[in-house]
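I opened this notebook to record what I looked up in the model. The entries take pockets, cavities, cores and the sheet in turn.

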Amino acid sequence: MQMVFHLGVHGTDRDRLLKTLLNNRAALQGIGTEVVTPNRHRGLFDEALASLNGGTATPEMEQIMMDAMLESDDPKRIVMSTSTFMGAPGRAVGRDGLYPQIGMRAAALSRLFPSAQTEFFLAMRNPATLLAEVLPQFSGGGYDDLMQGNHPLQLRWRLAIQKLVRSVQGRRLVLWCHEDVPLIWPEVVRLIGALPDGVPLAGNMPYMFDLLGPSGMEKLRAAMAGRDQTNVAQRRQIYSDVLAAHALPEVLEQTVDLPGWTQELVDQVTENYRADVAEIAVLPGVEFILP
């Protein structure tokens, strides 16, 4: 059995993956994939992790959790998606930088189902826009409390992912950049659900709708009309062309309004992020979805 955890992160998904998977529930069930919604596992996992206290679940505990959260009999693949796997928004930054507990959290989740083949999926996001998204959701105080003494240039994804790679101990780890999601969303969904290319994917353009609006989506549908079959490269090119011509300007331009941040600092953080992504994409043990 394959146990799949979509870890988030904060400010990247807003349940879009869960909604897309549920839109394709019948097709997924047909190939043995069950989507478990957060309400069916959140309290269950919290209680189990607390009782294990860093230990590994017994076969009896595994079975109890399976019986409690599954609706189908003996699925081949179980998929779960929620940003709470990474904790509250304030957990995005710790004293040791960006997502310092990411490895520990993944390891704890893998110990819940030691008999399963565990896989982890994760979207990264530019720390500049990530912080701008997380700060309004942070209930622990203001900007200084969120940063915990870190300078913005200390928030490096390469350090967080190195911890994650070490902690998952050879388990499957699939990563991508949130900024690329409009172009790669169908591939992300298919990989997580193990849905073959030949199976139609319903509701596969939530990010494109956000970027284009109703009018732009009409242009996209017109561009895709009459094309019975397109490969991944062709579809991405069509999406890119329509975005270049019809994307909503106010959506593409995200303001980073954080205390003490200048445009120069935003540019430096962004440059670090790009450098980290280039390094992470070739890390042994990482599958990286590129646009």
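For residue classes I counted Ala, Val, Leu, Ile, Met, Phe, Trp, Tyr, Cys and Pro as nonpolar, Asp, Glu, Lys and Arg as charged, and the others, Gly among them, as polar. I note that this is a predicted model, in which local features need pLDDT of at least 70 and side-chain atom pairs count only at pLDDT 80 or more, while totals for chains, interfaces and linings use all residues. Residues are numbered from 1 along each chain as its sequence is written, and side-chain values use heavy atoms, with hydrogens and water left out.

Entry on pockets. I worked on a 1 Å grid over the protein atoms alone: a cavity is a set of points where a 1.4 Å probe fits but cannot get out, a pocket is an open set with protein on both sides within 12 Å along at least five of seven lines, and lining residues have an atom within 4 Å of a point. Grid points are joined across faces, edges and corners, and a volume is the space filled by probe spheres set on the points. I found about 1,100 Å³ in the largest pocket. Its lining splits into ten nonpolar, ten polar and twelve charged residues. Of the 32 lining residues, Arg-125, Thr-129, Val-251, Leu-252 and Gln-254 lie nearest the centre. Helices (H or I, at least four residues) and strands (E, at least two) are DSSP runs, numbered from the N terminus. I saw that α13 gives the largest share of this lining, six residues.

The second largest pocket holds about 530 Å³. It has 21 lining residues, with Arg-190, Asn-204, Met-224, Thr-230 and Arg-235 nearest its centre. Two or more of its lining residues come from each of α9, α10 and α11 (232-246). I recorded nine nonpolar, five polar and seven charged residues in this lining.

Entry on cavities. I found two of 30 Å³ or more. The largest has a volume of about 40 Å³, and its lining includes His-6, Asp-13, Trp-176 and Tyr-207. The second largest cavity, of about 30 Å³, draws three lining residues from α13, the largest share.

Entry on cores. I took a nonpolar core as a set of buried Ala, Val, Leu, Ile, Met, Phe, Trp, Tyr and Cys residues joined through side-chain atoms within 4.5 Å. Buried means under 20% relative accessible area, exposed over 50%, and partly exposed in between (1.4 Å probe, protein chains only). The largest core has 59 residues, and Phe-5, Phe-45, Phe-113 and Trp-261 are among those with the most contacts inside it. Again α13 supplies the largest share, six residues. A second, separate core of 32 residues includes Val-35, Val-79, Trp-176 and Ile-289.

Entry on Ala-202. I located Ala-202 in the loop between α9 and α10. Beyond its neighbours within four places in sequence, Ala-202 is in contact (heavy atoms within 4.5 Å) with Thr-20, Asn-23 and Asn-24.

Entry on the sheet. I traced six strands in an open, parallel sheet, in the order β2-β3-β1-β6-β7-β8. Two strands pair if DSSP finds at least two bridges between them. The edges are β2 (33-36) and β8 (287-288), each with a single partner strand, so one side of each lacks a neighbour in the sheet. Five bridges join β1 (residues 2-6) to β6 (residues 117-124) in the parallel sense. I noted Val-4 opposite Glu-119 in β6.
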